[in-house]
Amino acid sequence: MSVTVRVPAKINLHLGVGAPREDGFHPLMTVFHAIDLVDEVTVSDAGEWSVTLTGHGVDVSDVPADDTNLAVRAGVLLTAHHEIGRSARIEIRKGIPVAGGMAGGSADAAATLVALDRLWGLASGDAALFGIAGDLGSDVPFGLVGRNALGTGRGEQVEQLPGVEVTRWWVVVPDPGQGLSTPSVYRRHDELRPDAPATPPAPHRLVAFLGDPAETLAPLLHNDLQAAALDLRPGLADLLAAGEAAGALRGLVSGSGPTCVFLCADEAGAHRVADDLRSRQPLALVASGPVPGALGR
Ligand code: C5P
């Protein structure tokens, strides 16, 4: 018997970053948005933990296929929580670009929690699932809920923003190079913004206008980490300008980067921007959101 769970990529419509906390993490005030670039995670009973990866339009060669994979760690934490001595084979079909600021590894961990919970009939409940997800990584709880959500704490406290189902069209351009290390982007941000507040301000306007037309939303998109990502990877500025010149309403670095996302007015516009950007980048994907997370609610 096996169980398959689909889980989407995230982008941040707003990412406010405060001064580092005592534990080294940064307080965040973020609006997560799930888009339909998805990974599919299939779990089945096995005598020991294993993980296999296949890429669907994305390169998976840099993803660890051993016990350090966050999906395996999710399974191990779930069995520890329930004090059961079980293990599973985890198969991941990846459609989310890797190492790009789209939380693909976190998404797989979220999907693994939900899939194993169903496979073994654990009925863990939300409190346990969200607790384990938060322990695994800052973006894992959002992988459970998807759609639109406000993220606080270090990103792991998620509160769904209900009732905002307007479809948004995006062009997603993963970086063809080496990726950017998330800790190094946060460190550069600390250097560039020594005055960052202890608590980043809430994005009231964005939340209020979330259901408005894309033209209204575009100027409200914001990412505090963008300056640091551009500083470490100056070529991203040209890419953002090229997307906007091709007709995107707004280009933005996704999370800590280096993937860039472009909000477009409609589907046809998104395809035009993607076609244009493919002349300079190997991959430009058209995606839309919001879509549900691993829990499928
Ligand atoms: O929580 P996660 O494992 O995704 O975080 C990866 C790294 O990103 C952390 O080790 C930390 O350097 C940085 N980070 C941070 N503040 C956050 C989230 C992540 O400094 N709120």
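Let's start with His26: an N or O atom in the His26 side chain sits 2.7 Å from an oxygen atom of the ligand. That counts as a polar contact, meaning a pair of N or O atoms within 3.5 Å. Ser138 makes one too, with an N or O atom of its side chain 2.6 Å from a ligand oxygen. Arg154 uses its backbone instead: a polar backbone atom there is 2.9 Å from a nitrogen atom of the ligand. On its own, the ligand has 450 Å² of accessible area, and the protein covers 73% of that (areas come from the Shrake-Rupley method with a 1.4 Å probe).

A quick note on the model: it is predicted, so local features need pLDDT of at least 70 and side-chain atom pairs pLDDT 80 or more, while totals for chains, interfaces and linings use all residues. Residues are numbered from 1 along each chain as its sequence is written, and side-chain values use heavy atoms, with hydrogens and water left out.

## Who surrounds the ligand

Which residues surround the ligand? They are Gly24, Phe25, His26, Leu28, Gly137, Ser138, Arg154, Thr182, Pro183 and Tyr186, where being near means having a heavy atom within 4 Å. This shell splits into four nonpolar residues, five polar and one charged, with Gly counted as polar, Tyr and Pro as nonpolar, and Arg as charged.

Helix H5 (residues 182-192) gives the largest share of the shell, three residues. Helices here are DSSP runs of H or I with at least four residues, and strands are runs of E with at least two, numbered from the N terminus. Domain 1 (2-160) and domain 2 (169-289) each supply at least three shell residues; the domain bounds come from an automatic or database assignment.

The ligand's space is also the largest pocket. On a 1 Å grid over the protein atoms alone, a pocket is an open set of points with protein on both sides within 12 Å along at least five of seven lines. A molecule sits in one if more than half of its atoms lie within 2 Å of its grid points.

Now for the backbone. Gly257 and Pro258 are joined by a cis peptide bond, with omega about 5°, and Pro258 lies in the loop between strand S9 (250-253) and strand S10 (260-264). Another cis bond runs from Gly289 to Pro290, with omega near 5°; Pro290 is in the segment after strand S11 (285-289).

Ala103 has a positive phi, near 60°, although it isn't a glycine. Look for Ala103 in the loop between strand S4 (87-94) and helix H2 (104-119).

How values were computed:
A polar contact is a pair of N or O atoms within 3.5 Å; within protein, one must be able to donate a hydrogen and the other to accept it, and residues adjacent in sequence count only if both atoms are side-chain atoms. On a 1 Å grid over the protein atoms alone, a cavity is a set of points where a 1.4 Å probe fits but cannot get out, and a pocket is an open set with protein on both sides within 12 Å along at least five of seven lines; lining residues have an atom within 4 Å of a point.
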